[in-house]
Amino acid sequence: MLKNLNNNEVMKTSKIMLFDDIHTTDGWDYLEKVISIPAEHIEVERIHDHKSLVDMRVMAGVFKEFYTHSVTSFILLSSDSDYWALISSLPEAEFLVMVEWNKCGQAIKDALEHEGIYWCSLDDFSTGKNEDLKRAVLLAELRKYLPDLLSYNGRDLVRRLYADTRIEADETEMMNFYNKYIRSITFKADNDGNLCLNLKV
């Protein structure tokens, strides 16, 4: 979504606050490397395995930005509708809500419209400009496997990389990654004769 905005629109965003469960993919740590907006990644611990506290931390974060830093406009991006308590508790703030169409019920969409709060679907934005982020995340994950690389089948390893990073891809995309990066891994020797694996990027 951010990659499809023009530069003037991007410059109006002062900071991204990404609230995530502690078990999230490491991929979000690379967000700031592919966009020009400062990003703060807040991973939220769980008290119980079956209960996430992310929604409460989002609310606390927004309230802090509003009352401490005088931020009055927020863009909320979420895959569910748990943000309604936040919006209704802070009527002085301006909200723009972006949802995943299939994961957001009609009731919350109707409530947003009834309150005059602008919302739109993330599905309306092309995802074609996310290749830099996907590549950075996949290569970082691949580097974790390099010390034990010879104990894996290359094709199976690629499937594991996509699963570990939760990046959805078809077989063709995964095999393109395999051909470009896995098959091009070489041994490299330093001046002392020590061998290491060299990943071409």
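This is a predicted model: local features need pLDDT of at least 70, side-chain atom pairs count only at pLDDT 80 or more; totals for chains, interfaces and linings use all residues.
Reader: Happy to start with the helices. At roughly what angle do the axes of H6 and H7 cross, and are they parallel or oblique to each other?
Author: Good place to begin! H6 covers residues 131-145 and H7 covers residues 154-165, and their axes come within 10 Å and cross at roughly 120 degrees. Angles of 65 to 115 degrees would count as roughly perpendicular and those over 145 as roughly antiparallel. The helices H6 and H7 are therefore oblique.

Reader: Which residues of H6 meet H7, and how many residues of the contact are nonpolar?
Author: On the H7 side you will find Leu 157, Arg 160, Leu 161, Tyr 162, Asp 164 and Thr 165. Their partners in H6 are Val 137, Leu 138, Glu 141, Leu 142 and Tyr 145. By class, the contact of H6 with H7 has three charged residues, one polar and, to end on the count you asked for, seven nonpolar.

Reader: Now for the next pair. How do H7 and H8 pack, and is their crossing left-handed or right-handed?
Author: The axes of H7 and H8 are 10 Å apart, and the two helices pack at an angle of about 115 degrees. As for its hand, the crossing of H7 with H8 is right-handed.

Reader: Which residues of H7 and H8 make that contact, and how many of them are charged?
Author: From H7 come Gly 154, Arg 155, Leu 157, Val 158, Arg 159, Leu 161 and Tyr 162. H8 brings Glu 171, Glu 173, Met 174, Met 175, Phe 177, Tyr 178 and Ile 182. The contact of H7 with H8 divides into nine nonpolar residues, one polar and, for the class you asked about, four charged.

Reader: Where do the buried residues of H8 lie around the axis, and what covers them?
Author: The buried residues of H8 are Met 174, Met 175, Phe 177, Tyr 178, Tyr 181 and Ile 182. They cover an arc of only 155 degrees around the axis, which puts them on the same side of H8. The face turned away from that buried side carries the exposed Thr 172 and Lys 180. What covers the buried residues of H8 includes H6 and H7.

Reader: And H5? Which elements do its buried residues pack against?
Author: In H5, residues 106-114, the buried residues are Ile 108, Lys 109 and Leu 112. Seen down the axis of H5, they fall within an arc of 105 degrees, so they line one face of the helix. Ala 107, Glu 113 and His 114 are exposed on the other side. The buried residues of H5 pack against helix H4 (84-89), strand E4 (94-99) and strand E5 (118-121).

Reader: I like to check backbone angles too. What is the phi of Ser 70, and is Ser 70 buried or exposed?
Author: Ser 70 sits in the loop between helix H3 (54-69) and strand E3 (73-78). Although not a glycine, Ser 70 has a positive phi of about 60 degrees. Exposed means over 50% relative accessible area. Ser 70 has 56%, so the word for Ser 70 is exposed.

Reader: Where is Arg 166, and what is its relative accessible area?
Author: Arg 166 lies in the loop between H7 and helix H8 (171-182). Phi of Arg 166 is near 60 degrees, a positive value in a residue other than glycine. Arg 166 is exposed, with a relative accessible area of 54%.

Key: Residues are numbered from 1 along each chain as its sequence is written. Side-chain values use heavy atoms; hydrogens and water are left out. Axes are lines fitted to C-alpha atoms, for helices over the stretch in contact, and angles run from 0 to 180 degrees between N-to-C directions. Helices (H or I, at least four residues) and strands (E, at least two) are DSSP runs, numbered from the N terminus. Angles under 35 degrees count as roughly parallel, over 145 as roughly antiparallel, 65 to 115 as roughly perpendicular and the rest as oblique. Contact means heavy atoms within 4.5 Å. Ala, Val, Leu, Ile, Met, Phe, Trp, Tyr, Cys and Pro count as nonpolar, Asp, Glu, Lys and Arg as charged, and the others, Gly among them, as polar. Buried means under 20% relative accessible area, exposed over 50%, partly exposed in between (1.4 Å probe, protein chains only). The arc is that of the directions from the helix axis to the C-beta atoms. A crossing is left-handed if the near helix is turned anticlockwise from the far one by less than a right angle, and right-handed if clockwise.
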